Amino acid sequence: MRFIPMMLTFGILLCVNAISAGLPKGYPVSERQKLNINQKWQFHLGDAEAKFYTNGFDDKQWKTVSVPHTLSLTSLGLDSCRDDKTQPTFQRNVGWYRKSINVTADVHKKVFLEFEGAHQITDLWVNGKHVGQHAIGGYTPFHFDISDHVVRGKANEVTLLVDNRVNESTPPDGGMFDYIKFSGLYRDVYLVETNPVHVTFNWEAMKAGVNITTPTVDPVNMNAIIDIKTVVRNENKTPKTTEVLTRIVDKAGVVVLKLNQKATIKAGEDFEFNQIGAIEDNLHLWSIETPYLYHVNTLVMVDGVTVDCVDNTLGIRKFELDYQRGFLLNNKPVKLIGVNRHQHYGYIGDALPNSLHYKDVLQLKQLGCNVIRTAHYPQDDALIEACDQLGVLIYEEAPTWIKIGTPAWFDNYEEALRRCIRNHRNHPSVVIWGAGINHRGYVPSAVLAAKQEDPTRFTASQSSRWTGWQTSGLTDLFANMMYGPGIWDRSEPLLAMEGRSGPEAVAEYMRDPLLLGLISWTAHAYYTFHNNDKPAEDKTRSGMMTVFRQPRKSFYWYPSEFLAEPVLNVVDQWTKDDAKKFTVYSNCDMVELLLNGKSIACGKPSADSAYIGLNHAPFEFKDLPYADGKLEVRGLKNGVATQSKTIFTPGKPVALSLRID
C-alpha cells in the first residue's frame, strides 16, 4: 500500500496525492489520506539523555533537514575511522528530529505516523508525551497510532529520538558485519489519517492489511486464480456492517475482476475478508521481458458509504524449480544472473532518495541483470517497486551477516524477517526469502517463519563452502557462496547467491542446468571496515561498479550476452599497452578494427574453452599493430557493418565535460 505521487482526474479517495492514476472513473471518495512529510525537520546531533521532547521546546537553532537523512555525511575514507567490523564508534550516535504537523479537525478519525525505516531504535513523543518505541531494527517499517496524543485541527509537535548506538539485541549488531550500518531517519515518513473502520498496516501481524496470492497460474491456457485477504479494523464503540469491494484493474483501466463481501465487525475487533476469483480471458503475465502490472483497488464501505481505499499492484506469474530445466518463470527456463546490492552511496551512506533506488534497478536492467539479492537486509520499498516495474527478480533477507546472537537477538531477527515478508509479499518481483544467516546456512526458525508468513515463495539457505558439507536442508533452494570449488554432490540444484563476476564466471553457470544462476558480489562498491588495519582514502570495497555507479570494465560484457538489441561496447583505450590485448564486447557475428582508416584485424568471438556456454563470448585481439591516431571498431552481422564506435589515442586534457545523469 505504497504512496505513489501521481495526478488523478477522478475521485478515488480524498488524499493529498492520489495513490494511482490507472483506475477507472467512478470510484467514491474515501477518508484515507497519506501525506509524505519528509520536508523541513529540525535536527540535532547527540545528547541522548536530553529532554528535547518537552512541549514548547524551542528548536529554532537546530539545523533544518529533509528525509532521507543520515546523522552525518561521510568521506570515502569513513572519516579516517579505525573501527573493526563490529563498528563500535562510527556514527554510533543519536539524532533528534522535531517537526510540527497539522492534523484533521475530525475527532473521529484515526491518525498515524508511518516510517519506512530508521536506524535503529526509534522513540516518538507527540506534544511532550511518549507514544512508543520501535526496537526491532533499522531496516523494516513501523508505525505509531497517535490518535489519542494529537490536538485536532491544530499544529502538533512531533519529536523523534533515533538511536544508532550499539545494541546487541538488534541485528545486525551483536557481532561482526562487513558492511557499514549507517544512521538517521533515512527512509520516507508519512502522516496517515483514516476512518475508525480501516484496512490495517500489512506489517502489524500475520493477518493484517491486504494479502494477495495467486494459488493457480496457468501460462498455457492463460488463466489465473486470485486470492485476496483483507483485514479491516473497527475502532468504533459499536459494531459496523462493513463491505469490502475489491476491483482488479488492467493497464487500460478496465475492471477485469470484481469481488465483494459483507460482514459485521464487532467494536474494537479485526475481521479478515476472504475473497477469491479468477481471470479467465485476456490474462497478462508478469515476466522479466514484459513486467505487466494490474492494480488491486480495495474499497471499504460502512452502511453503503465508502470510508477507506487502498491500492496495491499485482503481477501474475508462475515460478517453480525443475531439476532438469532449472528455475522456471511462466514455464520458461531462466538463468538467474545478477548481483548482490548494498544500498550504500558515496558520502550519503544509505540515505538514498527513491530516485536513486529506481536508477540502480534501471541501470542493472540495462546492463543485462535479471535478479538482485538485497544483501544483507530488507531494502527500500522504492527498490522493490522498481523491480516490479522493470522486470527484475528479488532475493530478500533479514538483517544479518555471520553472528548468531542472544535469544532477544533471535526474536528481533525473526520479527524483522516477518515484517519484511509482510511488507513486500504483494510484489511479483520477490521470489526468494533468505532464510539463513550469511555464511552459516539455513536457520530452522527463519525457514519456518518465512513459510508460515508466505508459503508461496522459495526460501534459500545462505550457505558457504568454507563451513563444510551443506545442502538446502529445510529450505527450498541450496544457495551457496561460490568463489571457487565447493562441496556439492549434484544431488540438487545450486544457486550461487554470491560469487565472482564476468564472462568466464558466468559461462560455468550457463552450461550447467543444475546451476540455477550466479548472483555476483557485488553490484556496487560498498562502505566497509573490512581489512581496516591501516588508514585509507577510500574504504569502499568490491563492486562491479564504483560506489558512484560507474561500471567497471567487465560489466560492459553483460549486455552483449543478455540483451536482445545490438550491443557494441569498447572499454579499452588505444595505447601501446592496450594494443597487446584489446577486448570488445558485442553480440555481433564479427568485429573489425580499422586504424587510421586501414583494417588491422577482423575476428570472431573468442573460442577459449573458459567461455563454453556463452552465446556471445568476448572478442579478444592480441598483439595488434600500433600507431597513434583513430581506431574504429565495427560490429558485423552477415558481413555487413551494423554498428561502429571510434576511440583515439589519449591526448593532453583540454576541457572538462559535465553530463547530467
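Leaving aside neighbours within four places in sequence, which residues is Val339 in contact with? They are Leu364, Cys369, Val371, Ile372, Arg373, Ile519, Ser520, Ala523, Met544 and Phe555, where contact means heavy atoms within 4.5 Å. The model is predicted: local features need pLDDT of at least 70 and side-chain atom pairs count only at pLDDT 80 or more, while totals for chains, interfaces and linings use all residues. Residues are numbered from 1 along each chain as its sequence is written, and side-chain values use heavy atoms, with hydrogens and water left out.

**Nonpolar cores**

- A nonpolar core is a set of buried Ala, Val, Leu, Ile, Met, Phe, Trp, Tyr and Cys residues joined through side-chain atoms within 4.5 Å; buried means under 20% relative accessible area, exposed over 50% and partly exposed in between (1.4 Å probe, protein chains only).
- The largest nonpolar core has 50 residues, of which Val339, Val361, Leu364, Ile372 and Phe555 touch the most other members.
- Another core, of 28 residues, lies apart from it and includes Val244, Phe273, Val296 and Val307.

**Helices**

- Helices (H or I, at least four residues) and strands (E, at least two) are DSSP runs, numbered from the N terminus.
- The axes of α1 (residues 354–366) and α2 (residues 381–390) come within 8 Å and cross at roughly 40 degrees; axes are lines fitted to C-alpha atoms, for helices over the stretch in contact, and angles run from 0 to 180 degrees between N-to-C directions.
- That angle makes α1 oblique to α2, since angles under 35 degrees count as roughly parallel, over 145 as roughly antiparallel, 65 to 115 as roughly perpendicular and the rest as oblique.
- Among the α1 residues that meet α2 are Tyr358, Val361 and Leu362; on the α2 side, Leu383, Ala386 and Leu390 are included.
- α3 (residues 407–424) has 18 residues and reaches 26 Å from its first C-alpha to its last, close to the 26 Å expected at 1.5 Å a residue, the expected span being 1.5 Å times one less than the number of residues.
- Buried residues of α3 include Trp409, Tyr413, Leu417 and Ile421.
- α3 and α4 (residues 444–453) pack at about 30 degrees with their axes 10 Å apart, which makes α3 roughly parallel to α4.
- Tyr413, Leu417 and Ile421 of α3 are among the residues making this contact, as are Ala446 and Ala449 of α4.

**Backbone geometry**

- The Val67 to Pro68 peptide bond is cis, with omega near 5 degrees, and Pro68 is in the loop between β3 (63–65) and β4 (94–102).
- Asp79, also found in the loop between β3 and β4, has a positive phi near 55 degrees and is partly exposed at 44% relative accessibility.
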